Amino acid sequence: MKMRKGELLVLFTLCFVLSLIAPSHSGFQSDELLVDNDEVGLPQTQSQQSSSVPKSDQTTVTPPSPTPRRKFSDSDSDSKIQFTLEHAFGDSDFAPAGTFSARLKTSAHGGQTLTKLRFSRNALTDAEKENFKNLVDGDDFYKIRLPSNVLSPPGKDFVVTSVRARCLPRETLDEHFVIHADGVNILGVNYGAPAPCSYPHPAKLPSKWSFNSYTILKNTEQAPRTPLFIQDVLKNGEEGEGEVVAPPERSFWAKYWMYVIPLGLIVMNAVTQAMNMPEEQASGQPGGAPAAPGAVQRAPSSAARRR
Amino acid sequence: MGTMLRVFLLLLSLLSITAPAFSLYEDQVGLADWHQKYIGKVKDAVFHTQKTGRKRVVVSTEENVIASLDLRHGEIFWRHVLGPNDAIDGIDIAMGKYVITLSSEGSILRAWNLPDGQMVWEAFLQGPHSSKSSLLVPASLKVDKDNVILAFGKGCLHAVSGIHGEILWKKDLEAESFEIQHMIQTSGSDLIHLVGFVGSSQFDSYTIDAKSGELLKHDSAAIPGGYSGQASLVSSSTLVVMDSAGSTVTTISFQDGKVTFSQTPVSTLIEDFVGKAKLLALKLEGVFAVKTGTHTTFVRVTVEGKLEVVDKINHATAVSDVLEISENRQAFAFVHRRSNGIDLTVKLGADWNHDLLKESIKMDQERGSVQKVYINNYIRTDRSHGFRALIVMEDHSLLLVQQGAVVWSREDALASVIDVKTSELPVEKKGVSVAKVEESLFEWLQGHVLKLKGTLMLASPDDMAAIQSLRLKASGKSKMTRDHNGFRKLLIVLTKAGKVFALHTGDGRIVWSRLLNSLRQSETCENPTGLNLFPWHVPHHHALDENPSALVVSRCGPSDDALGLLSFVDTYTGKELSSSSLDHSVVQVIPLPFMDSTEQRLHLLIDASGQAHLYPKTSDALGVFRPELTNVYWYSVEAETGIIKGYALKEKASDDYSFDTRGIWSIVFPSESEKIIKTSTRKLNEVVHTQAKVVADQDAMFKYISKNLLFVATVAPKASGDIGSSTPEESWLIVYLIDTITGRILHRMTHHGAQGPVEAVVSENWVIYHYFNLRAHKYEMSVIEIYDQSRADNKDVWKLILGKHNLTSPVSSYSRPEIMTRSQSYFFTHSVKSIAVTSTAKGITSKQLLIGTVGDQVLALDKRFLDPRRSVNPTQAEKEEGIIPLTDSLPIIPQSYITHALKVEGLRGIETVPAKLESTTLIFAYGVDLFFTRFAPSRTYDSLTEDFSYALLLLTIVALVAAIFITWILSEKKELRDKWR
């Protein structure tokens with residue numbers, strides 16, 4: 001019971017302390033569905049049996065770019081392209097595992113951009129399942145690769161990435177692709193499970209041998225431009241000097257606690273001293289008691305003398 | 001009242017911004033910092049010892065330094081560091097008052113005033129194609145009362161006026177690949193002969209009128225036997241050439257338009273000759289020198305063109321140029337190495353059997369062999385000729401030898417630092433004598449009394465001088481033991497010469513230096529180059545009786561597939577404990593965070609074929625490493641192909657200590673649009689104090705802290721040249737943040753209209769990089785900060801209480817990162833040579849950037865200026881947090897140059913080492929010069945300053961106590977008086 005009490009006390013103090021800090025935390029709560037804050041588009045996920053049906057649909061919005069050659073016009077010509085995903089189990093050779101299909105937009109200026117990426121995974125064969133089991137047992141890598149150029153695969157080289165096989169299995173095999181592309185070139189692929197994958201991880205096999213894929217296509221981001229506002233700064237500087245930007249109104253206590261507390265202390269101090277004074281006098285009396293009558297006596301005598 | 005308070009707070013925050021975080025008073029210079037000037041390995045030297053004026057020697061060095069040294073003490077009179085691409089090809093003294101230098105492959109000719117080193121004039125020589133260059137300053141050649149300087153470079157011969165640097169005439173030789181060998185002025189005439197080779201088989205000779213630049217004659221002939229690139233001029237009309245096989249000497253005589261050849265096999269000159277012979281560059285009348293193995297043979301060419309052996313020396317020898325000591329008397333010197341010293345012999349050119357001078361100088365083995373020697377003569381008191389010799393040793397040190405003794409020496413290897421590590425000093429042992437303590441106590445008191453006088457402004461100028469010298473000496477600052485604050489350390493420095501130095505951080509003195517045997521040239525290892533330095537053994541359990549040691553990794557030759565070398569050096573004594581030449585190459589060294597039972601650190605060496613080798617090769621180390629095998633990853637950046645690859649280790653191995661690796665990821669940059677120009681990672685030993693960053697409004701953000709973060713900057717291939725070579729439209733800079741375990745691209749961002757060179761620094765959760773903005777015509781610095789969103793939910797109180805947080809869940813690279821980046825760019829005035837960041841023991845102290853500016857100084861810039869959260873109008877809460885209102889450019893506060901008035905010429909790197917005291921970081925900047933200082937990014941909040949006056953404190957206390965007593969007595973008396981009244 002005592003323990004409980006102590007815990008409760010701690011809990012209350014914690015609550016109290018944290019409630020002071022917490023008032024704005026609600027503003028920062030992130031939406032868990034959001035994959036990345038700076039992602040270009042939002043992924044749609046479809047959990048389906050592995051088939052040739054596209055699993056995931058992803059549209060990308062090209063960020064507004066200041067360079068004219070990357071801007072799109074309505075006369076952009078579209079063409080459909082496909083490129084294959086290949087996978088390998090440990091050190092085995094790569095074998096086709098699925099197909100990405102996308103639309104290639106060609107802008108009037110010759111720039112080409114991939115959009116509308118779709119992905120279809122092939123079903124795992126029994127041999128592949130066996131291989132995957134071995135990977136999980138040996139805590140080995142499950143590798144995938146993509147061509148670095150989608151128009152003329154494999155381009156300069158394959159873009160390879162891999163993940164520890166133990167990370168993928170959940171209910172199904174969950175995978176998450178982020179393809180970093182620049183025009184028709186694929187630079188790199190972020191590949192892994194959407195869930196955390198810690199080490200060491202219990203070797204677990206999926207109950208359903210199918211892939212649950214998310215795909216995201218990412219183009220490069222624009223760097224924020226250097227602020228160019230010499231006049232603005234001057235104006236603001238003047239304003240800042242002239243009148244202080246009104247801070248949010250706060251309670252009396254929040255504003256003046258640093259004055260109130262010392263004041264309180266001083267008052268307390270004064271009070272205790274005042275309380276002590278009579279006591280001291282009282283305690284000081286015994287020593288001085290014999291003298292006191294003298295003083296009392298003397299006082300009149302001196303008064304008498306003066307007289 | 002409230003407004004008052006706010007105004008006050010605002011003022012306070014403004015003050016904290018404007019007040020420089022660091023500045024120095026004039027009398028504090030040299031208290032905690034030291035600065036050393038060097039010049040580098042001497043390439044060429046010219047003496048200037050006329051009767052008038054100070055005796056000096058002008059030298060040019062491999063670090064592109066031209067310097068004038070005092071011949072008496074070896075001090076630098078003046079010095080100029082030319083740019084890194086401005087290699088000096090030739091120096092000479094013209095008209096007795098100008099130093100002439102020819103640099104940048106013969107395209108820049110400069111004249112410097114000899115006494116003070118001011119540049120007098122500069123001439124740019126242009127030509128159609130690059131070629132070897134040569135400088136000739138004729139003593140008595142005048143065109144219209146103007147001394148002429150002849151410079152050959154870029155395929156053209158230029159005659160330049162010695163007085164104002166005007167080009168008088170220019171002669172294009174119109175031979176495509178003419179490699180000049182010598183430029184000869186025949187005495188007493190105005191004719192200039194140029195001798196050289198085209199390709200490896202054709203000999204060419206040109207005769208040119210020096211007055212007009214008219215080409216008078218051109219002969220060319222094919223050399224039988226080919227040409228190896230080594231030639232020696234024997235007389236004004238005879239050249240000796242070694243053939244490409246190194247076995248035959250060809251004498252070329254080119255008198256009067258006739259070119260004749262005569263060949264002599266080396267084996268007829270030297271018995272039992274095998275292998276390859278080399279010609280030494282020697283300018284001695286009638287004599288040339290052939291080097292075979294360790295032997296040097298001097299061969300005379302007689303008037304009839306016959307060759308006869310004059311002398312043979314069985315040691316590695318350096319031979320000086322010829323010195324004209326009087327009319328028709330030429331002297332030259334050669335120096336060779338003995339086991340415990342060097343022998344200097346000066347001979348007359350004509351008379352071989354007689355030595356003008358023979359001296360033995362004692363010298364320890366640490367300087368290696370003799371590489372170059374330059375001689376100069378003087379008249380002794382007895383009117384005979386005396387000689388002094390300037391000797392360049394294998395360890396790049398420079399010595400002046402006179403009268404059988406080393407007059408002065410300079411350790412110029414320190415101008416070419418490759419890598420720096422620190423080592424702790426020994427722990428102070430017990431048993432310090434009492435007398436010493438008493439003495440120091442007395443001195444301590446005396447010092448404090450002096451300081452007190454200074455504080456109370458009672459000190460006389462003499463006292464002030466005494467105080468200053470006392471402060472500079474700072475008792476104990478150069479002690480050889482560990483101190484409480486961790487200021488005293490040893491800087492272990494690896495240099496290009498293969499010499500390792502230990503410098504004391506207190507005063508910068510060389511504690512020991514060692515020319516590593518494994519880094520010396522040998523037959524098995526032609527051209528050893530040092531790569532890196534690693535702490536190998538840092539004893540903690542037996543710190544009192546075991547010395548720490550460092551590992552020096554090097555390779556035989558410049559290419560990646562050259563075999564590696566390891567040597568182990570005791571950092572207290574400098575003894576080379578052991579060394580081994582490896583049977584594999586070294587491309588990358590990965591220091592592992594593991595130690596074996598003897599506290600030796602485990603290192604993984606990656607060779608060119610991608611195999612990983614574990615060191616130390618003990619079963620104990622293997623036992624430690626085996627369980628961690630699957631968690632070791634590494635990556636390689638192939639800048640030429642634009643591919644970054646990640647690797648993991650494989651279990652199977654050819655032998656026990658080497659492991660196969662396999663690629664697990666790759667990132668391919670399209671070669672038509674991107675070219676890697678810079679990669680940067682976090683320092684391995686960096687400490688981060690807290691992951692959470694409390695921002696305004698009592699909110700918290702979680703830093704994304706990963707040791708495996710790689711920053712990569714790529715530019716458009718067109719924009720990879722110099723600034724200005726491409727338009728803003730066709731240039732862009734793309735920056736990447738890559739996780740090196742999984743190869744994930746965490747962040748990618750494009751700067752349009754920007755280009756390199758890029759300098760970057762990665763620390764904690766941020767990257768700062770510097771580049772050029774072509775649109776704004778300014779340099780810029782950008783910052784990217786990375787925050788971990790997966791932990792952002794932990795701010796919920798109830799989750800914390802109920803234990804539903806993920807703060808204790810392990811972090812894995814294979815978990816999908818949920819990150820958020822913030823970035824911002826600012827203009828910066830300077831171009832930058834290097835960027836570093838301060839590091840402290842616990843990582844609590846705020847960070848400052850250390851920027852090596854184009855002026856070779858180190859500027860400290862508070863990281864707060866590079867905060868992406870800066871906004872034009874920060875809120876009150878943000879201001880209180882220390883956010884500075886947004887400006888478009890970064891301020892350069894003159895007081896925050898930590899190098900104060902000094903320059904670290906040729907700045908190449910800045911190294912920061914944490915001291916034990918949390919507030920303080922040690923900074924070592926190196927280039928041609930060395931600079932060391934102590935720096936407190938947030939001031940020394942955790943200790944009193946060194947000049948804190950304890951005596952004043954004591955005096956105050958004594959005075960206060962006395963005052964208390966006096967007032968007590970007085971009050972007692974008064975009370976008594978009152979009572980008696």
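Among contacts in chain B between residues at least 6 apart in sequence, 51% join residues at least 24 apart, where a contact means heavy atoms within 4.5 Å. This is a predicted model, in which local features need pLDDT of at least 70, side-chain atom pairs count only at pLDDT 80 or more, and totals for chains, interfaces and linings use all residues. As for bookkeeping, residues are numbered from 1 along each chain as its sequence is written, chains are lettered from A and ligands numbered from 1 in the order in which they are written, and side-chain values use heavy atoms, with hydrogens and water left out.

**Chain B as a whole**

Chain B has eight helices and 66 strands; these are DSSP runs numbered from the N terminus, with helices being H or I of at least four residues and strands E of at least two. Its radius of gyration is 34 Å, close to the 30 Å that the globule rule gives for 981 residues, so chain B is as compact as a globular protein of that length. That radius is taken over C-alpha atoms, and the rule is 2.2 Å times the number of residues to the power 0.38. Along its principal axes, the C-alpha trace of chain B spans about 120 × 80 × 60 Å.

How much of chain B is tucked away? Of its 981 residues, 54% count as buried. Here buried means under 20% relative accessible area, exposed over 50%, and partly exposed in between, with a 1.4 Å probe and protein chains only. Chain B exposes about 43100 Å², and carbon and sulfur atoms supply 53% of that; the areas come from the Shrake-Rupley method with a 1.4 Å probe, and for residues only the protein chains shown count as cover.

On the charge side, chain B has 103 positive and 112 negative side chains, and the centres of the two sets lie 5 Å apart. Lys and Arg count as positive and Asp and Glu as negative, leaving out His and the chain ends; each charge is placed at NZ of Lys, CZ of Arg, CG of Asp or CD of Glu.

**A buried lysine**

Lys489(B) sits in strand S37 (residues 489–495). Is Lys489(B) buried or exposed? At 5% relative accessibility, it counts as buried. Its side chain makes a polar contact of 2.8 Å with that of Glu424(B); such a contact is a pair of N or O atoms within 3.5 Å, and within protein one must be able to donate a hydrogen and the other to accept it, while residues adjacent in sequence count only if both atoms are side-chain atoms. Leaving aside residues up to four places away in sequence, Lys489(B) touches several others, including Leu503(B), Val913(B) and Leu922(B).

| Residue | Phi | Relative accessibility |
|---|---|---|
| Lys116(A) | about 50° | 40% |
| Glu105(B) | near 55° | 46% |

Lys116(A) is in strand S4 (residues 112–121) of chain A, whereas Glu105(B) is in the loop between strand S7 (98–103) and strand S8 (108–113) of chain B.

There are cis peptide bonds too. One joins Tyr615(B) and Pro616(B), with omega about 0°, and Pro616(B) lies in the loop between strand S46 (612–615) and helix H5 (619–625). Another joins Gly756(B) and Pro757(B), again with omega about 0°; Pro757(B) belongs to strand S57 (residues 754–763).
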